[in-house]
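Trainee: Please take a close look at a single part of this protein and describe it in one connected account. I would like the sheet first, and then the residues around it.

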Amino acid sequence: VTMPCKVSEYVKKGEIRLFRCVLSEDDVRAGVIVSVTSLAGDKFKLLHFDQNDGRNGAPEGLELSLQEMSAKFSSMKRSHAGFYFTGQQSFNYEPL
């Protein structure tokens, strides 16, 4: 972790381990890179939740807004996933 965001192991059940990092709106506006690498090549997901305030008839609470699956790279058994918050509006374009 290279930023002042405390990453804590949130839940550990069997083979599933969840970690949590809370980012403020100011962090996101300033720009944040979340980069995760597994040296063992483990499969994992990065999940980003937004706080839903209950407007538009949706229930209050956390709402999944982004999900990134890890992918293996190079001839080594490493896997990686990342989120890039630039503080600007962004779009996700899937390759054809």
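Mentor: Three strands form an open, antiparallel sheet, ordered E3-E7-E6; strands here are DSSP runs of E with at least two residues, helices are runs of H or I with at least four residues, and both are numbered from the N terminus. Two strands count as paired if DSSP finds at least two bridges between them. The edges are strand E3 (32-38) and E6, each of which pairs on one side only. Direction ignored, neighbouring strands of this sheet are turned by 35° against each other on average, the axes being lines fitted to C-alpha atoms, for helices over the stretch in contact, with angles that run from 0 to 180 degrees between N-to-C directions.

The model is predicted: local features need pLDDT of at least 70 and side-chain atom pairs count only at pLDDT 80 or more, while totals for chains, interfaces and linings use all residues. Residues are numbered from 1 along each chain as its sequence is written, and side-chain values use heavy atoms, with hydrogens and water left out.

E6 pairs with strand E7 (residues 78-85) in the antiparallel sense, over three bridges. Within this pairing, Lys-72 stands opposite Ser-79 of E7.

Ser-70 sits in the loop between strand E5 (61-69) and strand E6 (71-73). Its relative accessibility is 18%, so Ser-70 counts as buried; buried means under 20% relative accessible area, exposed over 50%, and partly exposed in between, with a 1.4 Å probe and protein chains only. Apart from neighbours within four places in sequence, Ser-70 contacts Asp-42, Lys-43, Phe-44, Ser-79, His-80 and Ala-81, where contact means heavy atoms within 4.5 Å.

Glu-68 belongs to strand E5. With a relative accessible area of 33%, Glu-68 is partly exposed. Again leaving aside neighbours within four places in sequence, the contacts of Glu-68 are Phe-44, Lys-45, Leu-46, Ala-81, Gly-82 and Phe-83.

As for the whole protein, its secondary structure comes to one helix and seven strands, in the sequence pattern β-β-α-β-β-β-β-β. Of the 96 residues, 16% are buried. Among contacts between residues at least 6 apart in sequence, 43% join residues at least 24 apart.
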